[in-house]
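Student: I have a model open and want to learn how to read it. Can we start with burial and then move on to strands?

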Amino acid sequence: MHPQSNPAKADHTAIKILISLSTLVILVIAGWMILGRRQIARHLDQPQKPFTPVVHVSNTPQWQSFSGHGKISAARFSHDGKLIAVVGDQKELYLLDVLSGSIVQQISDACCTIEAADFSVDGTQLAIAMNGVNSENDGARIRVLRISEGKYSTTVRELREHGNLVHSVAFLRDGQRLLTEIDSDAVLWNVESGSVEKRFEAGVNGVCALSADQSTIVSAGSNSNEVKLWEVASGVTRLALTGHTEGLLALAISSDGTTAASGGYDATARIWDMASGGPKGVLAHGQAAVNALAFSSSGSSLATASDVVRVWNLTTKSQVQMFSVPRVTSLAYSPDDRLLAGTSPDGGLLLWRLP
């Protein structure tokens, strides 16, 4: 006798096979989706590489010149982070695209050497500090340029002071006033009228900075170990901060205006409370003078330059990064705090990628 088939049992077996195959397909699709998402996440987490065609970008960069353009003395990011203004020593300023590293525009003036530059907060203006190179063009010039689509279009105003030299320039938040270092003074200018509003004593080789609320100017000089806080409205000294043992070379104020930093020949950077003038910490640098400072945009870290460049956590007052590049004389954070720019008197613009 031949065994007879059982249709119900066969149908049940077929259903089990279909369920198993469906489960396997679902597992394969789910695994593929998870893997794909992880790969996408890894791709998005990878740091960008701005400026690759122009300078070397790394966590531990080697010094590299902005080749063919002479000494680089200062750099400043635009507030939207798209441009960086780079000051050279051949009477030229370069506007560079941060993402591509390409030169967007080259600005030059045969009459003057360019010392510094700064963007207005809204990105529509660029102020350039210049010094005349002969008796006819003697003295400081601050030229305010109109910026349109990332390029200089027209000159808005030129501010002049004969017989003196300008060393730095910074826009106030309103975009209508400028703070400059001219010889031993911090000078506040009105862009619309072209006139000087106030002067504040800084000292020999003076340095200065302005609080975010535009109420206080901080000044110092290489001939004094005091940091002075001036009331902008009255023009009088509000506080004198003491603690440094030698002359000052660098000043900075945090973006929220609550904290100031100073550095100088005594190989320390000191942190100060802007309201009380009290000390908030001392950052030791061995034997080397501190000649440049920059707060991060968030205010949580401070970059300092001496014999090397250091990045400090301001909560713990501890060093979190160090870049072994000597003789860096200016520092600037990008608005998103992902890049730190430094300039060298030997001719280099350096960028460090930050965590």
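Student: Are Cys111 and Cys112 buried or exposed?

Tutor: Buried means under 20% relative accessible area, exposed over 50%, partly exposed in between (1.4 Å probe, protein chains only). Cys111 and Cys112 are both buried. Cys208 is buried too, with a relative accessible area of 12%. Of the 355 residues of the protein, 47% count as buried.

Student: What does the model rest on?

Tutor: It is predicted: local features need pLDDT of at least 70, side-chain atom pairs count only at pLDDT 80 or more, and totals for chains, interfaces and linings use all residues. Residues are numbered from 1 along each chain as its sequence is written, and side-chain values use heavy atoms, with hydrogens and water left out.

Student: Which residues does a disulfide join?

Tutor: A disulfide is a pair of cysteine sulfur atoms within 2.5 Å. Here Cys111 is joined to Cys112, S to S 2.4 Å. A search of the whole structure finds 1 disulfide. The S-S torsion of Cys111 and Cys112 is about -75 degrees, so this disulfide is left-handed.

Student: What is the strand order in the open sheet of 4 strands?

Tutor: Strands are DSSP runs (E, at least two residues), numbered from the N terminus. Two strands pair if DSSP finds at least two bridges between them. The order is S22-S23-S24-S25, with antiparallel pairing. S22 (292-295) and S25 (318-323) stand at the edges, each with a single partner strand, so one side of each lacks a neighbour in the sheet.

Student: How many bridges join S23 to S24?

Tutor: There are 5, between residues 301-305 and 309-313. Ala305 has Val309 in S24 as its bridge partner.
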